[in-house]
Amino acid sequence: MELIYTGKTKNVYALENGNYMLKFKDDCTGKDGVFDPGENAVGLTIEGVGDVNLQMSIYFFEKINAAGIKTHYVSANLQDTTMEVVPGKNFGHGLEVICRYKAVGSFLRRYSAYIEEGADLPAYVEMTFKDDEKGDPLVTKEGLVALGVMTDEQYEEVKAMTQKITAIVAEELAKKDLVLYDIKFEFGYDKDGNIMLIDEVASGNMRVYKDGKYIDPMTLSELFFA
């Protein structure tokens, strides 16, 4: 396999059949040794987190595909901690899409003068450019269109897909008495221009609480698959 990209939490390889292979790592985003899905740099390494992130991604990709929502997922190998995916192009140089049910994290830091921690949000969707040097700046729909990153129609499709996928994840977590506060996704498009969910859907990309207390990624995976 040819290594074509080294990411924070995964490496990407090209396969002979034209698909890509994602190799999951044990690295997590965070700051000062504390996990934070909203951070733009690796902050800590948690042994085994790559395995559980892949396990959860498989579970949710299969649920999302079954709901008729397009993803890049093809198959996975838990022994190698790898996932085969359909090639896709990023929007711009990479875009993160966050759906928020509760006011926490960077949202709360920005708007604490207007909202209390943990307050309900209406499946609020926001997008940020993947740009470590600039701190992953927020961007509006109008900004994305003006910059030629995506069309108005593509934005609305990504937003609708995000809210549908988040609802699926939240419903599955609720079955384990777990409450989703927010979640981060990435989207791209295939060779025919069809928008699809890419990257992963894992504990390292979401904030989840139980009985009002935050659950770290490893504990979340243990509780979810218990």
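This is a predicted model: local features need pLDDT of at least 70, side-chain atom pairs count only at pLDDT 80 or more; totals for chains, interfaces and linings use all residues.
Local features are taken at pLDDT of at least 70 and side-chain atom pairs only at pLDDT 80 or more, while totals for chains, interfaces and linings use all residues. Residues are numbered from 1 along each chain as its sequence is written, and side-chain values use heavy atoms, with hydrogens and water left out.

We may begin with helix α1, residues 49–66; helices (H or I, at least four residues) and strands (E, at least two) are DSSP runs numbered from the N terminus. The end C-alpha atoms of α1 are 26 Å apart, which agrees with the 26 Å that its 18 residues should span at 1.5 Å a residue, the expected span being 1.5 Å times one less than the number of residues. Buried residues (under 20% relative accessible area, with exposed over 50% and partly exposed in between, for a 1.4 Å probe and protein chains only) include Val 49, Val 52, Met 56, Phe 60 and Ile 64 in α1. After the helix comes Gly 68, which has a positive phi near 85 degrees.

Helix α4, residues 152–174, is built from 23 residues. From first to last C-alpha α4 reaches 33 Å, close to the expected 33 Å. Among its buried residues are Tyr 155, Ile 165, Ile 168, Val 169 and Glu 172.

Helix α1 meets both of the other helices considered here. Axes are lines fitted to C-alpha atoms, for helices over the stretch in contact, and angles run from 0 to 180 degrees between N-to-C directions. The axes of α1 and α4 come within 10 Å and cross at roughly 125 degrees. The two are therefore oblique to each other (under 35 degrees counts as roughly parallel, over 145 as roughly antiparallel, 65 to 115 as roughly perpendicular and the rest as oblique). The crossing of α1 with α4 is right-handed, meaning that the near helix is turned clockwise from the far one by less than a right angle, with anticlockwise giving a left-handed crossing. Tyr 59, Phe 60, Lys 63 and Ile 64 of α1 make this contact (heavy atoms within 4.5 Å) with Ile 165, Ile 168, Val 169 and Glu 172 of α4. By class, six of these residues are nonpolar, none polar and two charged; Ala, Val, Leu, Ile, Met, Phe, Trp, Tyr, Cys and Pro count as nonpolar, Asp, Glu, Lys and Arg as charged, and the others, Gly among them, as polar.

With helix α5, residues 217–224, the axis of α1 again comes within 10 Å, here crossing at roughly 45 degrees. This pair is therefore also oblique, and α1 passes α5 in a left-handed crossing. On the α1 side the contact involves Val 49, Val 52, Met 56, Tyr 59 and Phe 60, and on the α5 side Pro 217, Met 218, Leu 220, Ser 221 and Phe 224. Nine of the residues are nonpolar, one is polar and none is charged.

Leu 223 also belongs to α5 and is partly exposed, at 32% relative accessible area. Leaving aside residues up to four places away in sequence, Leu 223 touches Lys 176, Leu 178, Lys 210 and Ile 215.

Most residues other than glycine have a negative phi. Thr 81, between β7 (73–77) and β8 (82–85), has a positive phi near 55 degrees and is buried at 9% relative accessibility. Asp 177, in the loop between α4 and β13 (179–189), has a positive phi near 60 degrees and is exposed, with a relative accessible area of 57%.
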